[in-house]
Amino acid sequence: MLPIQNQARKVVWDGLNGDGQPFMEQVFPDEIVAARRSQEMQVTLKNGSIWQGVGSDNYDSLIGSNPVGVVFSEWSVAKPSAWNYIRPILAENGGWALFIYTPRGKNHGYDVFKAAQKNPDWFSEILTVEDTGAIPLSAIEDERKAGMPEGMIQQEFYCSFFSAILGSYYGILIDSAVEQGRITRVPYDPDIPVDTAWDIGRDETAIWFIQSLKSGETRLIDFYWKIDAEFKDCLDDIKDMPYTYGIHYAPHDMAHHEYSLGRTRKDYAMGHGVKFEVVQTYKGAIKDGIEAVSRLLPKCWINEEKCERGIEALREYRQTWNEVKNTFDDT
């Protein structure tokens, strides 16, 4: 499984090795193959086994196929919900999963690695270029002299989860907060209302819990993150949390009609005792929002334990690299 379906075709199904030989013929020679189905990127072997290439953006294609093994290639940039859908099938079949990837900060790739380290039934290892010898160290030094950022070198060649992310909007600000001791234990003050800021995506929902002091200090006391969650479930979850709420801020699509609710999310929430203030969108809103957060973060104290996922999300929020222009695109 590659991050995107098209990658599975381009990189694996149509891919060539260094000698120009197709990967699929090298791995699955005709002598052991009963059938090849190009459209489905599927190989059926003479012993009855089936191999198929898919993308994490199309993991639904595996549901019902009853796999006993899945290889997640480039897992750190794949869709994390794919694993949650596949793992029950593998558990039922007594199957296995293999995750192969280069780190991309402390995201879901980091989470899987740390979980594997703690689980005696899992195997995990990090292999740097010094372990594999795949690239001469002199070549890495040439890259460094040619201007490759040290953070990228540590990430790509030495498998560091902690290197700075290129193009990150808030990475430096988060590092400053760490150095200044503002990412630490931040208690909840029951005398101050808690505002929430929602980001409702197609696959993920993220919510910040914020307390604003009269002194101008902002406390980020909690962070909620859920994959493939129904809005009503998220609403129930925050109502069960031990906070006295102030204002709930939500994006413009809160006012869109949702079929499963039979009304807009805003109206549904109102009917369950939660009033949202919808933040309207406009041309340039994303850029303005980034600048606003950049001004706010130096005033923030962040709960290190409860906001760990949110802190890493801030680190990872970055500009898009334009391969044609060889620069980062403007927001």
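Two strands are taken to pair if DSSP finds at least two bridges between them; strands (E, at least two residues) and helices (H or I, at least four residues) are DSSP runs, numbered from the N terminus. The model on display is predicted: local features need pLDDT of at least 70, side-chain atom pairs count only at pLDDT 80 or more, and totals for chains, interfaces and linings use all residues. Residues are numbered from 1 along each chain as its sequence is written, and side-chain values use heavy atoms, with hydrogens and water left out.

**The sheet**

Select β6, β14, β9, β8, β7, β10 and β13, in that order: these 7 strands form an open sheet of mixed pairing. Its edge strands are β6 (183-184) and β13, each of which pairs on one side only.

Next, select β7 (residues 194-200) with β10 (residues 245-251); the two run parallel and are joined by 3 bridges. Ala 197 has Tyr 249 of β10 as its bridge partner. Continue to β13 (residues 276-279), which pairs with β10 in the parallel sense over 4 bridges. Here Tyr 249 stands opposite Glu 277 of β13.

**The domains**

Colour the chain by its domain assignment: domain 1 (5-125), domain 2 (126-164) and domain 3 (184-321). Such bounds come from an automatic or database assignment. The centres of domain 1 and domain 3, taken over C-alpha atoms, are separated by 34 Å.

**The interface of domain 1 and domain 3**

Select the residues in contact (heavy atoms within 4.5 Å): 12 residues of domain 1 meet 8 residues of domain 3. The two domains bury about 760 Å² between them, 43% of it on carbon and sulfur atoms. Buried area is the accessible area (1.4 Å probe) that two parts lose on being put together, summed over both. In domain 1, show Lys 79, Pro 80 and Lys 106, which lose the most area to domain 3, together 47% of what that side buries.

Now display Asp 111 and Arg 309, which form a salt bridge with the closest N and O atoms 2.1 Å apart. The term requires a side-chain nitrogen of Lys or Arg within 4 Å of a carboxyl oxygen of Asp or Glu. The count between domain 1 and domain 3 is 1 salt bridge.

Finally, highlight α3 (81-93) and α4 (108-118), each supplying at least two residues of the side of domain 1 that touches domain 3. The most comes from α3, with 3 residues.
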